[in-house]
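Thanks for asking me to look this one over.

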Amino acid sequence: MSYTVVLQPSGLRFAATPGRSLLRAGEDAGVVMPSSCRNGTCRTCLCRVVQGEVAHTIEWPGVSREEKAEGWILPCVAEARSDAVLEVPLAASFDG
């Protein structure tokens, strides 16, 4: 099973499977998103869920309760639970 993740405004898309972070799934498909620590603390990868269901894989990622309520996530420690649209302004493909 996999879900389709679309990034705005670039229109880049990739498949995300359960057990794989959104950041890693994107990298597997040649998509680069801002990142640094990869453990949910630095907030470099902070982005917003526009549509769909995404769940963090750790209990207390570096996102406040208010930010979570507004749809903000850390894709380095989050997985897709449905097809999703994410707002990631600085996303790009490996090939340019």
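1. Where does Glu67 lie? Glu67 sits in helix α2, which covers residues 65-69. Please keep in mind as you read that this is a predicted model. With a relative accessibility of 18%, Glu67 falls under the 20% cut-off, so Glu67 counts as buried.

2. What does the side chain of Glu67 join in a polar contact? Its partner is the side chain of Arg43, at 2.7 Å. Once residues up to four places away in sequence are set aside, Glu67 touches Arg43, Gly62 and Trp72.

3. Now to the partner itself. Is Arg43 buried or partly exposed? At 32% relative accessibility, Arg43 counts as partly exposed, whereas Glu67 counts as buried.

4. The backbone of Arg43 is worth a look too. Its phi is near 70 degrees, a positive value in a residue other than glycine. Most residues other than glycine have a negative phi. Arg38 also has a positive phi, near 65 degrees. Arg38 lies in the loop between β3 (31-32) and β4 (47-51), and Arg38 counts as partly exposed because its relative accessibility is 32%.

5. Glu79 is found in strand β7, residues 78-80. Its relative accessibility is 12%, so Glu79 counts as buried. Which backbone atom does the side chain of Glu79 reach? It is the backbone nitrogen of Gly19, at 3.2 Å.

6. The surroundings of Glu79 draw on separate stretches of the chain. Leaving out neighbours within four places in sequence, Glu79 is in contact with Pro18, Gly19, Arg20, Ser21 and Leu22, and also with Glu53, Val54, Ala55 and Thr57. As for Ala91, 12 residues from Glu79 along the chain, the C-alpha atoms of the two are separated by 17 Å.

7. Ser21, one of the contacts of Glu79, lies in the loop between β2 and α1 (22-28). Ser21 is buried, because its relative accessible area is 14%. The side chain of Ser21 reaches the backbone nitrogen of Arg24 at 3.0 Å. Beyond four places in sequence, Ser21 is in contact with Pro75, Cys76, Ala78 and Glu79.

8. Next, the strand pairing around β1. How do β1 and β2 run? They are antiparallel and joined by 4 bridges; Tyr3, for example, has Ala16 in β2 as its bridge partner. On the other pairing, β1 and strand β8 (residues 84-87) run in the parallel sense over 4 bridges, with Leu86 in β8 as the bridge partner of Leu7.

9. Last, please check the turn between β1 and β2. The hairpin has 4 residues between its strands, and Gly11 takes a positive phi near 80 degrees there. Pro9 is placed in the loop between β1 (3-8) and β2 (13-16). Which kind of peptide bond joins Gln8 and Pro9? That bond is cis, with omega about 5 degrees. Most peptide bonds are trans.

Methods
Residues numbered from 1 in each chain as written. Heavy atoms only, no water. Helix = DSSP H or I, 4+ residues; strand = E, 2+ residues; numbered from the N terminus. Buried < 20%, exposed > 50% of the residue type's maximum accessible area, 1.4 Å probe, protein only. Polar contact = N/O pair within 3.5 Å; in protein donor to acceptor, adjacent residues only side chain to side chain. Contact = heavy atoms within 4.5 Å. Pairing = 2+ DSSP bridges.
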